[in-house]
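Work through the exercises below with the sequence and the 3D view side by side. Try each task before reading its solution.

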Amino acid sequence: MKGKEWYQADDVADEYDSKRFSRGGRHIDHREKQAVLDAVGPVEDKNILEIACGTGRFTVMLAERGANIVGLDISRAMMTKGREKARRADVADRIEFLRGDAARLPFPDDHFDAVFAMRFFHLADTPAKFLAEMARVSKDVVFFDTFNDTSARVAYNWLLPMGSRLYAEDEVDGLLHDAGLRLTQATHDFVVPYGLYRKLPNGIAGELRGLDTSLGGTSLGERLASVSYWTASVESSD
Ligand SMILES: C[S@@+](CC[C@H](N)C(=O)[O-])C[C@H]1O[C@@H](n2cnc3c(N)ncnc32)[C@H](O)[C@@H]1O
């Protein structure tokens, strides 16, 4: 089954956050949130689009910091969780959750200050089309992450039921170029794959995270990192 269908199921949406971001998975959640904040910068009163917003982990965080944000996702079930989270955080008035396909964004060109997608490109069967749409509706920042084809993820990637695509750096460079985007920052992290963090209690995972970040700071660590975060800006046409 493809990711587009997989995340439509109520039980998948119900356990999405707890399965991935409780226990040691909190370190992953924290790192991903930091990556988004680093990429989009100060967000107060900015107009931001989050593609494949899922259960609203980043949508709610950015609304709490003053952004006006649209969260778009194909799954009603995932966005129901996002809406609940937004109500609990008292930021529902700053967020519009919109059901839609990332391949056809219902917005005019240059509509947002920043557009980002987390944990989405591994599900994308036509990444060039998705990235071109993100670039079209952003007037400045485009940010996304990928899983890497030189990481430990290779060993279990094929087992994942929602399908998962791994990327090489050259491929991402080509995609950015074709979408008219200029890479402004690339960072690589998680030599230790996500699956191991999730299995460990938070404290032990914290120790592991320390080792992981020290190894990640080396050139070998960069090469073996399982996740890359790509920040790009829209090339001006003049
Ligand atoms: C792994 S989840 C990531 C959710 C969220 N970005 C996060 O990091 O927690 C992938 C999300 O992509 C959504 N998705 C998959 N294909 C899509 C498409 N073509 N258009 C919009 N959303 C899509 C799924 O419904 C799901 O919510």
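**Exercise 1.** List which residues Ile 48 touches, not counting residues up to four places away in sequence.

Solution. Start from the meaning of contact: heavy atoms within 4.5 Å. By that rule, Ile 48 touches Val 43, Leu 62, Ala 67, Asn 68, Ile 69, Val 70, Phe 112, Ala 114 and Phe 116.

The model is predicted: local features need pLDDT of at least 70, side-chain atom pairs count only at pLDDT 80 or more, and totals for chains, interfaces and linings use all residues. Residues are numbered from 1 along each chain as its sequence is written, and side-chain values use heavy atoms, with hydrogens and water left out.

**Exercise 2.** Find how many residues the largest nonpolar core has, and where its largest share comes from.

Solution. Step one is the term: a nonpolar core is a set of buried Ala, Val, Leu, Ile, Met, Phe, Trp, Tyr and Cys residues joined through side-chain atoms within 4.5 Å. Buried means under 20% relative accessible area, exposed over 50%, and partly exposed in between (1.4 Å probe, protein chains only). Step two is the count: the largest core has 44 residues, and Ile 48 is among those with the most contacts inside it, as are Val 36 and Phe 116. Step three is the source: helix 3 (residues 25–40) gives the largest share of this core, six residues. Helices (H or I, at least four residues) and strands (E, at least two) are DSSP runs, numbered from the N terminus. Apart from this core lies another, of 29 residues, among them Phe 112 and Tyr 167.

**Exercise 3.** Give the strand order of the open sheet and state which strands stand at its edges.

Solution. The seven strands have the order 3-2-1-4-5-7-6, with mixed pairing. Two strands pair if DSSP finds at least two bridges between them. Strand 3 (95–99) and strand 6 (181–189) stand at the edges with a single partner strand each, so one side of each has no neighbour in the sheet. Strand 2 (residues 68–73) pairs with strand 3 in the parallel sense over five bridges. Within strand 3, Glu 96 is the bridge partner of Val 70.
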